[in-house]
Amino acid sequence: MGEIVLAADLGGTNLRMAAVRRDGEILSTSRKRTPRSDTGERLLKEIIYAVNECRQQLTGYEFGPVCLAVPATVDARKGVVVKAPNLPELNGFCLSSELRNKLGAQVILENDANAAALGENWLGASQGIENSIMVTLGTGVGGGIVIGGKILRGPDGTAGEIGHINVEPNGHQCGCGSQGCLEQYASATAVVRMAKEIVAEKPNSKFAEKTYITSEDLYELGISGDAEAKKVFERQGFYLGLALSGLINSLNPEAIVFGGGAAAGWDLFMPALRSEIEKRTYLTPAERVKLFRSELGDDAGILGAAHLGFENIARN
Ligand SMILES: [Zn+2]
C-alpha cells in the first residue's frame with residue numbers, strides 16, 4: 001500500500017501527529033496537550049505513545065522515518081534540540097537518538113518555522129517557487145528561508161530567525177536577550193501589548209474597557225473602523241515591512257508567505273507593510289516579490305516535516 005511518514009508538530013500547547021502519504025494526503029491525525037515537566041522524559045513518552053497509536057491505526061503500510069517539527073533551534077545533523085525557549089526542558093536533549101532507540105525508526109528533527117516554509121513550498125502558497133521566505137506570526141515570530149529549493153540552516157542551524165531582526169535599536173526587551181526585535185512588534189503577543197500601550201496613553205479607547213484583549217478582538221474592532229485598533233495593526237505592518245525590506249534587498253526572494261494566527265490581521269497590516277517595502281527596497285526585487293497568505297494553515301509544519309522524511313527515503 002506504499003510508504004507513509006509519521007510527522008509531528010510539537011508546540012508549547014499541543015502535540016499534533018499525522019500519518020502522511022507521499023502525495024501529501026494526511027491519513028490520520030491526533031492532537032494531545034503537550035505534557036510539561038522538568039525533564040524531556042514525559043514529552044518523550046507522549047511522542048512515543050502518539051507514534052504507536054498512529055501505527056496501530058494504519059495496517060498494511062510501510063512506515064518511513066518519524067519527523068518532528070519543534071519550536072526550537074535544532075542541530076538537524078546530530079538530532080539535538082539546541083534551544084527551545086517555550087519548551088526549555090528540551091534544551092540540549094538528544095531527541096533523535098532517544099526516540100530512535102525506542103521506536104526502531106529513523107528520526108528527523110526540524111525547526112517548526114523551517115518545516116512550515118518547506119510545507120508551503122511543497123504543497124502550499126510557494127509551491128514550485130525556488131526562493132521564498134516564510135514568516136509565522138504566532139506567540140512569537142518565526143522564519144524559514146528557502147533558497148534554490150533548499151531550506152537555509154547555516155552551519156549552526158540558526159539561520160532564518162527573522163523574528164530576531166532588530167527593528168528598534170532601543171526597543172522592547174526580547175526573550176532572546178536582545179531588544180527591539182521584530183518579534184516584539186509583529187507577533188500576536190506584541191499586537192496585544194501594543195494595544196495596552198495605547199490604552200495607557202488613551203484611556204478612552206474602545207478596548208480600554210476590556211480586561212482581557214486578544215489579537216482577534218482587536219482585529220474585529222479594527223475591521224469595524226476603530227481608529228486605535230487600526231493603529232496597532234499599522235504599527236505591526238510598519239515593523240514587518242521594515243524587516244522584510246532588508247530581506248528583499250539582501251535575498252531577492254520571489255515570494256514571502258505569511259502564516260500563524262496573527263496573519264489573520266492581513267487586511268489591516270498589509271497596507272503599511274506594502275508601503276514600507278515600496279519606500280525601502282530596490283525596484284526590481286520589489287516588483288518581483290509576491291506576498292501570499294499561508295495555504296496550509298496549521299498543517300504547514302507537519303507537511304514540511306513529512307516532506308523531509310520522504311526526501312530522506314529517496315536519498316537512502
Ligand atoms: Zn529577539
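**Group meeting: aromatic pairs, a sheet and a zinc site**

Okay, let's start with the rings: the structure holds seven aromatic pairs. And keep in mind, please, that what you have on screen is a predicted model.

Where are the two partners? Tyr219 belongs to helix H6, residues 215-223, while Phe233 is in helix H7, and 14 residues separate them, so to speak, linking distant parts of the chain. Now, buried or exposed, for Tyr219? Relative accessibility comes out at 19%, and the cut-off for buried is under 20%, so Tyr219 counts as buried. Phe233, at 2%, counts as buried too.

Here's another pair: Phe258 with Phe269. This one is tilted, with 6.2 Å from centre to centre and 45° between the planes. Phe258 is in strand S11 and Phe269 in helix H8, so the pair ties together parts eleven residues apart in sequence. Phe258 is buried, with a relative accessible area of 1%, and Phe269 is buried as well, at 0% relative accessibility. There's also a cluster, by the way: ring pairs link Tyr185, Phe238 and Tyr239.

Strand S11 takes us to the sheet. Five strands make up an open sheet with mixed pairing, and the order is S10-S9-S8-S11-S12. Which strands are at the edges? Those are S10, at 150-151, and S12, at 290-293, each pairing on one side only. Further in, S8 (residues 132-137) and S11 (residues 255-259) run parallel, joined by five bridges. If you want a spot to look at, find Thr136, which stands opposite Gly259 in S11.

Helix H7, residues 227-251, touches S8, S9 and S11, and its direction makes about 160° with that of S8. Helix H8, residues 266-280, touches S8, S11 and S12, with about 165° between its direction and that of S12.

Last stop, the zinc ion. Which residues coordinate the zinc ion? They are His164 through ND1, plus Cys174, Cys176 and Cys181 through SG, at 2.0 to 2.4 Å. Along the sequence, the spacing of these donor residues reads H-x9-C-x1-C-x4-C. Why call the arrangement tetrahedral? Because the four donor atoms subtend angles of 106 to 118° around the zinc ion. For reference, the ideal angle for four tetrahedral donors is 109.5 degrees. And one more detail here: Cys174 and Cys181 are buried.

That's my tour, thanks!

How values were computed: Residues are numbered from 1 along each chain as its sequence is written. This is a predicted model: local features need pLDDT of at least 70, side-chain atom pairs count only at pLDDT 80 or more; totals for chains, interfaces and linings use all residues. Side-chain values use heavy atoms; hydrogens and water are left out. Donors are N, O and S atoms within 2.8 Å of the metal (3.2 Å for Na, K and Ca); water is not among the atoms, so sites may look incomplete. Four donors count as tetrahedral if all angles lie between 85 and 135 degrees; four count as square planar and six as octahedral if opposite donors are over 155 degrees apart and all others between 65 and 115; anything else is irregular. Buried means under 20% relative accessible area, exposed over 50%, partly exposed in between (1.4 Å probe, protein chains only). Two strands pair if DSSP finds at least two bridges between them. Helices (H or I, at least four residues) and strands (E, at least two) are DSSP runs, numbered from the N terminus. Contact means heavy atoms within 4.5 Å. Axes are lines fitted to C-alpha atoms, for helices over the stretch in contact, and angles run from 0 to 180 degrees between N-to-C directions. Rings of Phe, Tyr and Trp (its six-membered ring) pair if their centres lie within 6.5 Å; planes under 30 degrees apart count as stacked, over 60 as edge-to-face and the rest as tilted.
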